[in-house]
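Subject: Structure handover

Dear colleague,

Here is the structure we spoke about. Please look it over before you read my notes, which follow below.

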Amino acid sequence: MLAASSVVVLFLLGDAVIRGGVAETALLAPWPLLALWGVYVSAFASSLEVDEQGATMQNMLRVVRMPWARVRGLQWRWQVIFDLDNDSHVRAIGGPVQGRGGRRPGRVEDTSANSRAQYDYVQRLYEQADATGNEAVRHGWDVPALIALAVLVVWAVFAVVITSSPQ
């Protein structure tokens, strides 16, 4: 989907260069690029990465790093849910999940082999982890995506100011 969206944006901007020139395209470019940024954030930025020290979950622009010592348990619903030692829960949008379409199973035992293998890997890392340590759960933001958004917004405001000023 991101590749297809990128191709559409490149086609639109290429067409704008041919029909209107580089200056006109520079004034038009932030709008389809903002749409592409939205597609990226809503459909592709979410992820779940695990290693021996913990899990890093990104839901759209929000990033949470959870050391295994702070995780009390894992749940399997539509996605992986981390139960933390402060009685909070973190749902990973971008974790192992069965593909779209049809009715999704609500239990681990009813999932596809691929999704089950991914979940088992997360569970195994959690169970084998050293449960000691005092590293805190860290919350943050996807800074590169936010910087890209800021650049696009400034560019869009500049384009509006340029096009609305009297000639």
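Asp87 and Arg72 form a salt bridge through their side chains, with 2.2 Å from N to O; the term stands for a side-chain nitrogen of Lys or Arg within 4 Å of a carboxyl oxygen of Asp or Glu. Asp87 sits in the loop between strand 5 and strand 6 and Arg72 in strand 4, so the pair ties together parts 15 residues apart in sequence. Asp87 is exposed, at 56% relative accessibility. Here exposed means over 50% relative accessible area, buried means under 20%, and partly exposed is in between (1.4 Å probe, protein chains only).

This is a predicted model, in which local features need pLDDT of at least 70 and side-chain atom pairs count only at pLDDT 80 or more, while totals for chains, interfaces and linings use all residues. Residues are numbered from 1 along each chain as its sequence is written, and side-chain values use heavy atoms, with hydrogens and water left out.

Other salt bridges

The structure holds four salt bridges. One of them joins the side chains of Arg70 and Asp85, at 3.2 Å from N to O. This pair also links distant parts of the chain: Arg70 is in the loop between strand 3 and strand 4, and Asp85 is in the loop between strand 5 and strand 6, 15 residues apart. Asp85 counts as partly exposed, with 33% relative accessibility.

Another one is made by the side chains of Asp51 and Arg65, at 3.1 Å from N to O. Asp51 lies in the loop between strand 1 and strand 2, and Arg65 lies in strand 3, 14 residues apart. Asp51 is partly exposed at 25% relative accessibility, whereas Arg65 is buried at 14%.

Arg65 and Val137

What else does Arg65 touch, leaving aside its neighbours within four places in sequence? Its contacts (heavy atoms within 4.5 Å) are Asp51, Gln53, Gly54, Ala55, Thr56, Ala136, Val137 and Arg138. For Gly54 there is also a distance to give: its backbone oxygen lies 3.5 Å from a polar atom of the Arg65 side chain. That is a polar contact, meaning a pair of N or O atoms within 3.5 Å; within protein, one must be able to donate a hydrogen and the other to accept it, and residues adjacent in sequence count only if both atoms are side-chain atoms.

Val137 is in the loop between helix 4 and strand 7 and is partly exposed, at 22% relative accessibility. Beyond its neighbours within four places in sequence, Val137 is in contact with Val64, Arg65, Met66, Pro67, Arg70 and Leu84. Val137 and Asp85 are 52 residues apart in sequence, and their C-alpha atoms are 9.9 Å apart in space.

Fold and sheet

The chain has five helices and seven strands. Helices (H or I, at least four residues) and strands (E, at least two) are DSSP runs, numbered from the N terminus. In that direction the elements run α-α-α-β-β-β-β-β-β-α-β-α.

Four strands form an open sheet in the order 1-2-3-7, with antiparallel pairing; two strands pair if DSSP finds at least two bridges between them. Strand 1 and strand 7 (138-141) are at the edges with a single partner strand each, so one side of each has no neighbour in the sheet. Strand 2 and strand 3 run antiparallel and are joined by six bridges. Within strand 3, Arg62 is the bridge partner of Asn59.

Nonpolar cores

The largest nonpolar core has 20 residues, and Leu48, Met66, Trp68, Val71, Leu74 and Phe82 have the most contacts inside it. Such a core is a set of buried Ala, Val, Leu, Ile, Met, Phe, Trp, Tyr and Cys residues joined through side-chain atoms within 4.5 Å. The elements that give it two or more residues are strands 1 to 6 and helix 4 (113-128). Helix 4 gives the most, with four residues.

Leaving aside its neighbours within four places in sequence, Trp68 has contacts that include Val50, Gly54, Phe82, Val122, Leu125 and Tyr126. A second, separate core has five residues, among them Trp37, Leu61, Ala145 and Leu152.

Over the whole chain of 167 residues, 34% are buried. Of the contacts with a separation of 6 or more, 52% are between residues 24 or more positions apart.

Regards
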